[in-house]
Amino acid sequence: MGARPKYRIPQGWVARGWRFEIETSTPAQRRLVAQHFGARRFAYNWALAHIKANLDAREADSSVPPLAWDLPSLRRAWNQAKDEVAPWWRCCSKEAYASGIADLVTGLNNWSASQHGRRAGRRVGFPRFKARQRDPGRVRFTTGAMRLEPDRRHLTLPVIGRLRSKENTRRLERLLAKGQARVLSMTLGEQGGRLFVSVAAVVAQSPRRPSEPHTRCGIDLGIGSEWTVVAHADDTIERIIHPAPWTAVQLQRRRVARRLSRRVVGSRGHRQARAKLAALDRRAANLRRESIHTLTTRLARRYGTIVVEDLDIAAMGKAMGRRAFRRSVYRAGIGRIRPILAYKASWAGGQLVVADRWLASSKTHHGCGGYLADLSLGQRMWVCPGCGGLVDRNANAALNLRDWTGPVADRDVQRGGVAAPVPFVGNHDGQARIAVRAREAP
Ligand SMILES: [Zn+2]
């Protein structure tokens with residue numbers, strides 16, 4: 001119950017997103033942006049308190065009727081209460097309040113779905129109140145005067161007005177002007193002290209076909225310098241390493257991190273070093289993102305079928321531990337490849353296949369079936385117990401993924417032919433390691 005009405009994408013159209021970094025033109029406008037962030041948070045917290053009060057009352061007295069959690073009812077309740085609880089509400093767009101309430105409804109639905117086992121992934125807790133320090137500024141507009149300006153340099157949002165975009169908006173503006181795209185929503189958000197507008201739109205798209213619709217490729221994702229290995233249809237193995245500028249940023253980062261550790265916390269030097277570090281991290285993430293997009297576009301346009309492994313990214317993220325840097329890089333990294341490939345493959349007319357988690361792609365010799373149970377993560381080559389050949393770990397895994405045809409049967413697992421899932425656990429230097437939990441043969 002209470003789900004946001006789902007927008008149905010018209011036939012022949014696809015949903016796409018664009019993100020532009022923007023800047024405000026006056027201090028007054030900057031304040032207005034902050035007010036909108038605050039207004040969204042206020043409405044969110046108000047609605048949460050409203051629901052909690054009802055839950056508490058029901059606990060004390062079961063005859064109290066339950067409160068409806070859907071968006072229309074909560075918005076109605078807000079509209080009745082706003083003059084009293086927020087007499088200043090007119091200073092912000094009504095979309096700011098609607099955005100906060102909609103986010104709470106989503107949170108409640110996720111919690112409820114998680115409670116009833118209808119949601120995959122980590123358990124979702126009951127929504128918590130948002131504090132200014134913890135809540136990244138955000139507000140979504142779905143109606144009102146929002147548009148991209150024809151000069152391709154500005155965006156306009158309701159009440160907030162014209163904002164300058166730091167990059168040219170031509171790619172989207174062109175489609176809008178020709179009637180080949182329609183804006184669904186614009187979300188203004190803050191990240192690392194910068195402001196962004198994310199535009200969600202639907203775009204008309206004619207059906208496409210990849211250049212090799214009947215062939216397959218396999219992708220093995222790693223955490224070393226060789227972060228992706230692709231097994232192509234023609235048996236060539238492509239190894240993708242970090243671009244040179246990325247490596248340079250890492251070296252620079254090490255130097256700055258050392259400088260930061262020598263500065264007194266709270267001093268000007270400390271602040272400067274921290275800002276520098278954040279800038280380097282941002283650059284590393286951007287470089288990584290770019291290489292991911294180049295790779296995924298190339299593969300999606302070529303292959304009819306792309307096979308990736310089923311990695312548990314949440315567990316890997318946890319294994320990264322406190323090293324916030326690695327976490328941010330990996331968030332921009334392996335976890336992004338699969339979702340990006342999924343939509344790019346479907347745009348290009350191909351399909352993405354996620355191999356079964358039970359497939360021991362690294363430990364089974366491709367084409368021979370020899371199986372090495374105790375393979376450690378650091379081991380890049382291994383000797384096949386079946387045929388005695390030397391096996392290149394990543395290339396072999398990519399080939400296995402490429403030729404994967406169906407789910408692994410329990411029988412195979414029990415025979416010891418394949419391994420149980422390989423969860424990632426961390427050690428103290430923050431590097432992820434694969435803990436091998438092969439199942440014993442009966
Ligand atoms: Zn072999």
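Predicted model: local features only at pLDDT ≥ 70, side-chain atom pairs only at ≥ 80, totals over all residues.
Visitor: Before I look at any detail, what average pLDDT does the protein chain have?

Guide: The general idea is to begin with pLDDT, the predictor's confidence in each residue. In this structure the protein chain averages a pLDDT of 83, and 84% of the residues score at least 70.

Visitor: Where does pLDDT stay under 50?

Guide: That happens over residues 410-442, and for this stretch the model has 69 contacts beyond four places in sequence.

Visitor: Let us turn to the strands, then: in what order do the 7 strands of the open sheet come?

Guide: Reading across the sheet, you meet β2, β6, β7, β1, β5, β4 and β3 in that order, and the pairing is antiparallel. At the two edges stand β2, residues 138-141, and β3, residues 147-148, each of which pairs on one side only.

Visitor: How many bridges join β4 to β5?

Guide: Strand β4, with residues 154-157, and strand β5, with residues 161-165, run antiparallel and are joined by 4 bridges. If you look for L157, you will find that G161 in β5 stands opposite.

Visitor: Now to the salt bridges: how many does a search of the whole structure find?

Guide: The search finds 20. The general idea is to look for a side-chain nitrogen of Lys or Arg within 4 Å of a carboxyl oxygen of Asp or Glu. One of the pairs here is R138 with D103, whose closest N and O atoms are 2.7 Å apart. Since R138 lies in strand β2 and D103 in helix α3, residues 94-115, this pair ties together parts that are 35 residues apart in sequence.

Visitor: Is D103 buried or exposed?

Guide: D103 counts as buried, with a relative accessibility of 13%, whereas R138 is partly exposed at 29%. Both residues also belong to a network, in which salt bridges that share partners join R40, R41, D103, D135, R138 and R140.

Visitor: Which distant parts of the chain does the salt bridge between R239 and D392 link?

Guide: The side chains of R239 and D392 meet at 2.8 Å, N to O, and the pair links strand β10, residues 237-241, with strand β14, residues 390-392, the two residues being 153 apart. R239 is partly exposed at 37% relative accessibility, and D392 is partly exposed with a relative accessible area of 25%. For another pair, look at E95 and K94, whose side chains meet in a salt bridge of 4.0 Å, N to O; there E95 is buried, with a relative accessible area of 5%.

Visitor: Finally, which residues make the nonpolar surface patch?

Guide: M381, V383 and L390 make a patch of about 300 Å², and V383 can be found in strand β13, residues 381-383.

Methods:
Residues numbered from 1 in each chain as written. Heavy atoms only, no water. Pairing = 2+ DSSP bridges. Patch = residues over 30% accessible without salt bridge, like charges linked within 9 Å, V, L, I, M, F, W, Y side chains within 5 Å. Areas by Shrake-Rupley, 256 points an atom, 1.4 Å probe, with all protein chains shown as cover. Buried < 20%, exposed > 50% of the residue type's maximum accessible area, 1.4 Å probe, protein only. pLDDT = per-residue confidence, 0-100. Contact = heavy atoms within 4.5 Å.
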